[in-house]
Amino acid sequence: LMMRLLGGEYEKACEHAVPGSQAGFTAGRAAPGRTLVLRAQKEQCEAEHTGCYRLYIDLGVFFMSCVRQGQKRGEGWCGVRPEVTDVVMALHASSKGRYETAYGVTDLFELLEGNPQGCTQSPARSKLQISLIQGAVRKLCKGYTFRGAEGRTPQLWWADDGAFMADDLATLQKMLDVVWVVTRLAGLTMVVKEDGSKTAWQGSYW
């Protein structure tokens, strides 16, 4: 109940600080909106006979890998009132967890880091963490130029999965470098799946 009462503060911070390229955990937004943009990029590249450059990343074990001190600073930058963050930190400091293994369930242990999954405010708080990555990419990297658009589109996010688009491979590499640096500074992990479901980058030509 306490966490739900604090929800308005986090919703307000997300409206102010989270860029529109993030659609995860957002009312009225859905994954098909992300794939539609990627499809539009592919169609335009094919029509113009230009390279189609994309980068896909995933933040591994994202919720539970958020460093709480980094989370606190990030929420401050995003406009969350310090007393609200302090209350959430105090509640999470008393939380405990256990692992289910092949040999049974472990004993309880203290959760020293992370935004616990199951907490009603963890999705919003996690979006504030990702907004730091989004901001760095937006400021440092040029995105893909859609025909008729006023600006470029560098990235799309669905929760902790990011897709990045560029006009050339060098910019795509820069995006990868920027995301890697920011995730390292935040204590997060950037993961590239090797099972074929996600790839580090794509380059197609016609």
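The questions and answers below walk through a few places in this predicted model.

The model is predicted, so local features need pLDDT of at least 70, side-chain atom pairs count only at pLDDT 80 or more, and totals for chains, interfaces and linings use all residues. Residues are numbered from 1 along each chain as its sequence is written, and side-chain values use heavy atoms, with hydrogens and water left out.

Reader: Is strand β1 largely enclosed or open?
Author: Helices (H or I, at least four residues) and strands (E, at least two) are DSSP runs, numbered from the N terminus, and β1 covers residues 52-59. A residue is called buried under 20% relative accessible area, exposed over 50% and partly exposed in between, using a 1.4 Å probe and protein chains only. Seven of the eight residues of β1 are buried, so the rest of the structure leaves this strand largely enclosed.

Reader: Which residue of β7 is the bridge partner of L55?
Author: Two strands pair if DSSP finds at least two bridges between them, and β1 pairs with β7 (residues 161-166) in the antiparallel sense over six bridges. On β8 (residues 190-191), β1 has an antiparallel pairing over two bridges, where D58 stands opposite V191. In β7, the partner of L55 is F164.

Reader: With which side chain does the side chain of T145 make a polar contact?
Author: T145 sits in the loop between α7 (122-140) and β6 (155-158), and its relative accessible area of 36% makes it partly exposed. Counting contact as heavy atoms within 4.5 Å and leaving out residues up to four places away in sequence, T145 touches Q44, R152 and D167. A polar contact is a pair of N or O atoms within 3.5 Å; within protein, one must be able to donate a hydrogen and the other to accept it, and residues adjacent in sequence count only if both atoms are side-chain atoms. At 2.9 Å, the partner is the side chain of D167.

Reader: What is the angle between the planes of F25 and F63?
Author: Rings of Phe, Tyr and Trp (its six-membered ring) pair if their centres lie within 6.5 Å, with planes under 30 degrees apart counted as stacked, over 60 as edge-to-face and the rest as tilted. Five aromatic pairs are found in the whole structure, among them the tilted pair of F25 and F63, 5.9 Å centre to centre. F25 belongs to the loop between α2 (7-17) and α3 (31-48), while F63 belongs to helix α4, 38 residues apart. The angle between their planes is 50°.

Reader: Why is the pair of Y99 and F109 stacked?
Author: Y99 is exposed at a relative accessible area of 57%, whereas F109 is partly exposed at 27%. Their ring centres are 5.2 Å apart, and the pair counts as stacked because the planes stand at 25°.
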